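The plan is to go from the overall layout to single residues.

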Amino acid sequence: RCMLLSTDSSEENGQADDSVSLMDVAITTPVELVRIDLSPDEAGPLLDRGIVPGCLLCRIGRSPFGDPVVTADGTCFALRKETARCLRVRAVSAPEA
C-alpha cells in the first residue's frame, strides 16, 4: 500500500494524526475523508465515484456480509471491509452559530 491522497497537513506540521479508519466510526456519524491509504490502482474506482479527500462520508448500515454501506456527499455506496479500513477519516466539526 501507499499513501495516495491526503487533505491532512498535521503530519507535515509535526502534529499527531487524529484520523481513524472508516470501519471504526459508528453508524450514522458524519465524517470527513482525510486520506486514502491505497495504491493508485486500488483507489481509482473510489476516485472515479467522487470518494476523494475532503468529501463527507457517513456509514448508514451494513451489507448481509458485514461490509459497510456509506453515503459520500449524498450518494450511497457499498464498500468492501478491506477498502473501508484504508479510508482515514475524522469527525466533522460542528458549524459555528
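**Entry 1. Layout.** I took helices (H or I, at least four residues) and strands (E, at least two) as DSSP runs, numbered from the N terminus. The model is predicted. On that basis I read the order of elements as β-β-β-α-β-β-β-α-β from the N terminus on. That gives two helices and seven strands. Of its 97 residues, 38% are buried. I also looked at how far apart in sequence the contacts reach. Among contacts between residues at least 6 apart, 63% join residues at least 24 apart.

**Entry 2. Strand β3.** How many of the seven residues of β3 are buried? I found five, so β3 is largely enclosed by the rest of the structure. Next I looked up its partners. β3 runs antiparallel to β4, residues 56-62, with three bridges between them. β3 also runs antiparallel to β7, and there I found five bridges.

**Entry 3. Glutamate 32.** Which residues are its bridge partners in β4 and β7? In β4 the partner is leucine 56. In β7 the partner is arginine 90. I also checked a distance to leucine 57. Glutamate 32 and leucine 57 are 25 residues apart along the chain, yet their C-alpha atoms are separated by 6.0 Å. The cut-off matters here, because buried means under 20% and exposed means over 50%.

**Entry 4. Helix α1.** I turned to α1, residues 40-48, and asked which of its residues are buried. They are Ala43, Gly44 and Leu46. I noted the general rule on helices beside this. An α-helix has 3.6 residues a turn, so residues three or four places apart point the same way. What covers the buried residues of α1? The cover includes β3 (30-36), α2 (81-84) and β7 (87-91). Just after α1 I stopped at glycine 50, which takes a positive phi of about 85°.

**Entry 5. Threonine 83.** Threonine 83 sits in α2. Its relative accessibility is 15%, so I counted threonine 83 as buried. I then left aside its neighbours within four places in sequence and looked for contacts. Threonine 83 touches Leu38 and Leu46. Leu46 had already come up among the buried residues of α1.

**Entry 6. The largest pocket.** I looked for open space next. Rolling a probe the size of a water molecule over the atoms shows where empty space is left. The largest pocket holds about 260 Å³. It is lined by 15 residues, and those closest to its centre are Leu38, Glu42, Arg80, Glu82 and Thr83. Which elements give two or more residues to the lining? I listed α1, β6 (75-78) and α2. The largest share, three residues, comes from α1. I sorted the lining by class as well. The tally is eight nonpolar, one polar and six charged residues.

**Entry 7. Cysteines.** I searched the whole structure for disulfides and found zero. Cysteine 55 has 3% relative accessibility, so it counts as buried. Cysteine 86 also counts as buried, at 4%.

**Entry 8. Positive phi off glycine.** Most residues other than glycine have a negative phi. I looked for exceptions and noted two. Threonine 28 has a positive phi of about 75° although it is not a glycine. Where does threonine 28 lie? I placed threonine 28 in the loop between β2 (20-21) and β3. Its relative accessible area is 58%, so threonine 28 is exposed. Aspartate 73 is another non-glycine with a positive phi, of about 50°. Aspartate 73 belongs to the loop between β5 (68-72) and β6. With a relative accessible area of 52%, aspartate 73 is exposed.

Conventions: Residues are numbered from 1 along each chain as its sequence is written. This is a predicted model: local features need pLDDT of at least 70, side-chain atom pairs count only at pLDDT 80 or more; totals for chains, interfaces and linings use all residues. Side-chain values use heavy atoms; hydrogens and water are left out. Buried means under 20% relative accessible area, exposed over 50%, partly exposed in between (1.4 Å probe, protein chains only). Contact means heavy atoms within 4.5 Å. Two strands pair if DSSP finds at least two bridges between them. On a 1 Å grid over the protein atoms alone, a cavity is a set of points where a 1.4 Å probe fits but cannot get out, and a pocket is an open set with protein on both sides within 12 Å along at least five of seven lines; lining residues have an atom within 4 Å of a point. Grid points are joined across faces, edges and corners, and a volume is the space filled by probe spheres set on the points. Ala, Val, Leu, Ile, Met, Phe, Trp, Tyr, Cys and Pro count as nonpolar, Asp, Glu, Lys and Arg as charged, and the others, Gly among them, as polar. A disulfide is a pair of cysteine sulfur atoms within 2.5 Å.
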